[in-house]
Amino acid sequence: MRSQLAEDGCPESQLVMGKTLLQQQSQENEGDEEGARLAVFWLTRASLQGSSEATELLQNCLDKNIGICEHNYHEVRECLAMDLQEKLARRAAHMLFCSVSDGNDVISSSGLTSKIQEVLAGDDEDGMETENQQQNHEQSESCATLEQRYGGERFTEEHLVSGSVLYCQGRVPPLHHFLTLDSSSPKTSYVLQAIHWPYRALEGIYHSCLHFFGVVLTNYAHKILGFFTPVFSGLAIFLLGSLISLFGVENTAVVLPVIVSCISLIIMVMSSVHMLLNRKRFNSFHIWSLVFSHFCSELDIDRAERRFKARCWKPYGTMCMAVFFYLSTVPLTSPKLMIIFLPVMCVSAIITFLLIPERLNGWQFLSQIVYISAMIPSVHTSISSWLVSVSAGTGLEHILAENHIDVWWKLKFHLGVGPLLHLLWFGIQLGMVVCSGLVRLPPHLVSVVWCHLAVIAYQKVATPTDILYPVVGWSVLIFLPTLASFLLLVGPAIICALLGYHVGVDNQALLLLFLCSTIGLWILKHLPNLLLVCKWVMVGLMLLVLMHPNLFVRSPSAQHSSLQWDSYTNVCLPSKDTGAVTVHGCLPLLETLVKWQGSVAQVSIISVHNLPEAVFSQLPTALVKPIQCYLGKRLPPCPVSKIITTQMERCQLLHSVLGSDACTLENWNTYNFDITVAMSSSYWKFGNEGSQVSLQADSTFQDFVLKLHIGDKVEFVGALSEGIGSLHPKLHLSSIKCIDCKSKLAPVHKVNLQISYNIWAVPTFIFNFFLGPTLTI
């Protein structure tokens, strides 16, 4: 009977068989090698099912070389090296397979699903069914279709055993993805379906977003990171440096914080989604814990679940780094950008608060309310005013009133209701750590961070019209991808029309551009992934166009300083002092915006930049001239007049030297001008007569500058840039207009795109975000 039970897989019988054979081998016939090997066989089988005594006996056999041969040596070593929990999990998987297979070699996913649902429902107590349960089971099987009873994937015992091994390592068994464990009934009335439709629609949107951010976008991110080899990274750095040199440091400094802010927010959302997915996977993992513990009560499921949770720390680390990067860009970008992100922050705060923790407790609601109250000044200000009025005359009003104490340097310790609520929140977190450990704190802190970001973004809303920014921005993100294909088809025609209108490209060039665009679209359609990337790039560009320039940049103040030329001449032009003393004393006036007047003494071109010419100059000579004629323009015919002017002579010279059919790319030129303006002053100092100012102007002032004449009197606004303390200071021109000119010229004003370069704004904001309102800088 023991032999039959051992062959059926009973670990107790296998242990008894092994012990009995060892005793017989030691007492009766010590040279019975066959009996010793059979004892090792049964001890190995018992040890693999989690018998500690069998493991000790098997270790003793290995140490004393009892029954060990070349056929069982490796099996014994693997058995002894295997963890006890893994053995118990394998035993549970074996028993689960036997309960479903009914003696067959394979089981179906439908049968396994039914068995797991019985275990979860508690209908499979000790593997025995009552008579009523058997009848109900037979009725359900008779009503079920063949697909529901035997359909799905087929699994062998090895599949379940390998899944149990992965379970012990803290991973969800792969065969779980083939099971449908939802308990929803397919037969519901139309009324109930109509009632549950909004919930099912939101659930579908929620799962779609989880799949997009947690799977699709994550795979794209991994592919992009895989491209960053040392060679590709060097090329990317070279390209970035080329773009900075091409577009200028100012424009790069404006756009770069916006890009970093958007990427950081996307990474924060992806990290939160991975936390939600880990929570969802833990629910699946817990199902297998219940199933395996049902078939093997000795299995330590808490240990396996701790291993699963220990593998879920990466999203929290990524979230922390992304938050720091995002906070570092907030002082460098427009508040409108945070307003656009406000819906994402609110939705993320709600979802992470409700779904990431294992279960919601009262302390989490209390913690969230206290933190929000501490972060909103209007809330704790109203509470403070009420408490001060109630506690008047008790001496507590000095503590409850809003005040601060200077601790060190710019560090301030605040008093009042807001700091008290903030300290109370820290006390709640400390109490939770003491009572429940650190496991429940990180999920709650994620929702707190999202909530804090939403509060800051809400505080940026100054007028009701600010709400239009997220409405317009997210409407573009939602609806524009559906129109992207149409825009990609119409785009080449629009580009050709704009080029023909602004640049004056002839019909042949327009036809060439349109054909090239059509061929490019044909190539994109055969590369769907690249087409998708182009669509989203177009979405991003459209958003930048919609929000440019007032949303992402801070324009400098249009109000110039009150510094007059006479005052500047009196103290900042060299006289009796040395030049070094004068420059050192007036250097703080650097970048000061001034408004002066003067007479034009000279106008010159400092530099000329032509991007197409710089690119096409590397091409063969045979290709340069056709490209110049397609993108450029031909020399205009010379005017016919009896009076010979300088313009006629210059035109005739160009035609005689270059030829009448010559083409130039002059229409692509960008110029940097230097306008020398003679200044007059009512003050007189030795050596400062005839002082001049150089105005540095770009192509914005091209039409105005080219029509100036020597002696024209102009009024200009510019920022002092170089030459402070010398006879020839230089200014970056912001605006200019004529006071007395020979030609009628309209005033020109340039909008300078600048951002705040206060280096301490970033660490100050991060410090105040985490420690305010108790400690602030």
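Tutor: Tyr 568 is buried, with a relative accessible area of 0% (buried means under 20%, exposed over 50%, partly exposed in between, with a 1.4 Å probe and protein chains only). The model is predicted, so local features need pLDDT of at least 70 and side-chain atom pairs pLDDT 80 or more, whereas totals for chains, interfaces and linings use all residues. Residues are numbered from 1 along each chain as its sequence is written, and side-chain values use heavy atoms, without hydrogens or water.

The model holds 18 aromatic pairs (Phe, Tyr and six-membered Trp rings with centres within 6.5 Å; planes under 30 degrees apart are stacked, over 60 edge-to-face, the rest tilted). One of these joins Trp 565 to Trp 596 in an edge-to-face arrangement, with 5.0 Å from centre to centre and 70° between the planes. This pair links distant parts of the chain, 31 residues apart: Trp 565 belongs to helix α25 (residues 565-572) and Trp 596 to strand β5 (residues 593-609) (DSSP runs numbered from the N terminus: helices H or I of at least four residues, strands E of at least two). Trp 565 is buried at a relative accessible area of 5%, and Trp 596 is buried at 2%. Tyr 568 also pairs with Trp 596, in a tilted arrangement with 5.4 Å between centres and 45° between planes. Here again helix α25, through Tyr 568, is linked to strand β5, through Trp 596, across 28 residues of sequence.

Elsewhere, Tyr 167, Phe 282, Phe 285, Trp 288, Phe 292 and Phe 308 form one aromatic cluster.

Turning to the nonpolar cores (buried Ala, Val, Leu, Ile, Met, Phe, Trp, Tyr and Cys joined through side-chain atoms within 4.5 Å), the largest has 36 residues, of which Met 268, Tyr 326, Met 345, Trp 450 and Leu 453 touch the most other members. Two or more residues of this core come from each of α13 (249-295), α15 (314-329), α16 (335-355), α21 (441-459) and α31 (761-771). Neighbours within four places in sequence aside, Leu 453 is in contact (heavy atoms within 4.5 Å) with Met 268, Tyr 326, Leu 327, Met 338, Met 345 and Phe 769. Another core, of 32 residues, lies apart from the largest one and includes Ile 116, Leu 160, Tyr 167 and Leu 299.
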